[in-house]
Amino acid sequence: MEKQSTNGRTKKGKGGYSNITVKKETATRFRTYSKKFSKSHSEVLDGMVQYFKGNNLNPFGEGTKIILDRIKILERQMMKKFDRLIAIIKNIEKTSIRPTYEMMLILYEAYVKDGRKPKREPVKLQEERMDFLEPRNTVPKVEHDRILQELQTYKKQCNEILNNVEKVEPMMGKPYLKINMGIGDFESLKYQLK
């Protein structure tokens, strides 16, 4: 910072100083306000002017009043929306979540009291009759053997799939069958059956 001489006195600052005439009460209020920031009066006043200019505000509140009114309107609208959301959530809790939870709890308690455990039963199929595949005079022996080999391979794959089937008995709903098979195996089987 450079020092400047004014009427024989030296003062710190970058530029010259100028006097502004203000009412005594205003000057007192400004000094009190500017002490909060531990800055010089010039720096505080300059910051205030930059703030008003940068935010396009009118110090007499005409532009600020419009902004505050808009904020209050938005706040009311948001509160109405929050009230609607709260009502929707409460309705969902009353009609969906609590009854479902309580039903599941009752079913689980009954299930535990019975002492039942889920059953895993493998699915069994009857043995197929093979007498219709016996060689006949109309089919050549090589082709017949190839068809039998394909049938054996197909049966083996079917048995592998059937061994991976398990019966699932959920607490609610009908029992169903579940196949434990990897996605790659499923895609391969799909491709083979096309």
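**Questions on a predicted model**

Me: At 46% relative accessibility, how does Glu 150 count?
Reply: This is a predicted model: local features need pLDDT of at least 70, side-chain atom pairs count only at pLDDT 80 or more, and totals for chains, interfaces and linings use all residues. Residues are numbered from 1 along each chain as its sequence is written, and side-chain values use heavy atoms, leaving out hydrogens and water. Buried means under 20% relative accessible area and exposed over 50%, with partly exposed in between (1.4 Å probe, protein chains only). At 46%, Glu 150 therefore counts as partly exposed.

Me: Which residue forms a salt bridge with Glu 150?
Reply: A salt bridge puts a side-chain nitrogen of Lys or Arg within 4 Å of a carboxyl oxygen of Asp or Glu. The structure holds one. Here the closest N and O atoms are 2.7 Å apart. The partner of Glu 150 is Arg 146.

Me: Why are Glu 150 and Arg 146 separated by about one helical turn?
Reply: Both sit in helix α4, residues 141-163. Helices (H or I, at least four residues) and strands (E, at least two) are DSSP runs, numbered from the N terminus.

Me: What pattern does the protein follow along the sequence?
Reply: The protein has five helices and four strands. Read along the sequence, their order is β-β-α-α-α-α-β-β-α.

Me: How far does helix α2 reach from its first C-alpha to its last?
Reply: Helix α2 covers residues 41-54, which is 14 residues. The expected span is 1.5 Å times one less than the number of residues. That gives an expected 20 Å, and the helix comes close to this, reaching 20 Å.

Me: Which residue with a positive phi follows α2?
Reply: Its phi is near 55°. The residue is Asn 56.

Me: At 53% relative accessibility, how does Lys 80 count?
Reply: Lys 80 lies in helix α3, residues 62-114. With 53% relative accessibility, Lys 80 counts as exposed.

Me: What is the area of the nonpolar surface patch that includes Met 78?
Reply: Met 78 is also in helix α3, and at 40% relative accessibility Met 78 counts as partly exposed. Other members of the patch include Phe 82, Leu 85 and Ile 97. The patch area is about 740 Å².

Note on methods: Patches are made of residues with over 30% relative accessible area and no salt bridge: like charges are joined within 9 Å, nonpolar side chains (Val, Leu, Ile, Met, Phe, Trp, Tyr) within 5 Å. Accessible areas come from the Shrake-Rupley method with a 1.4 Å probe; for residues, only the protein chains shown count as cover.
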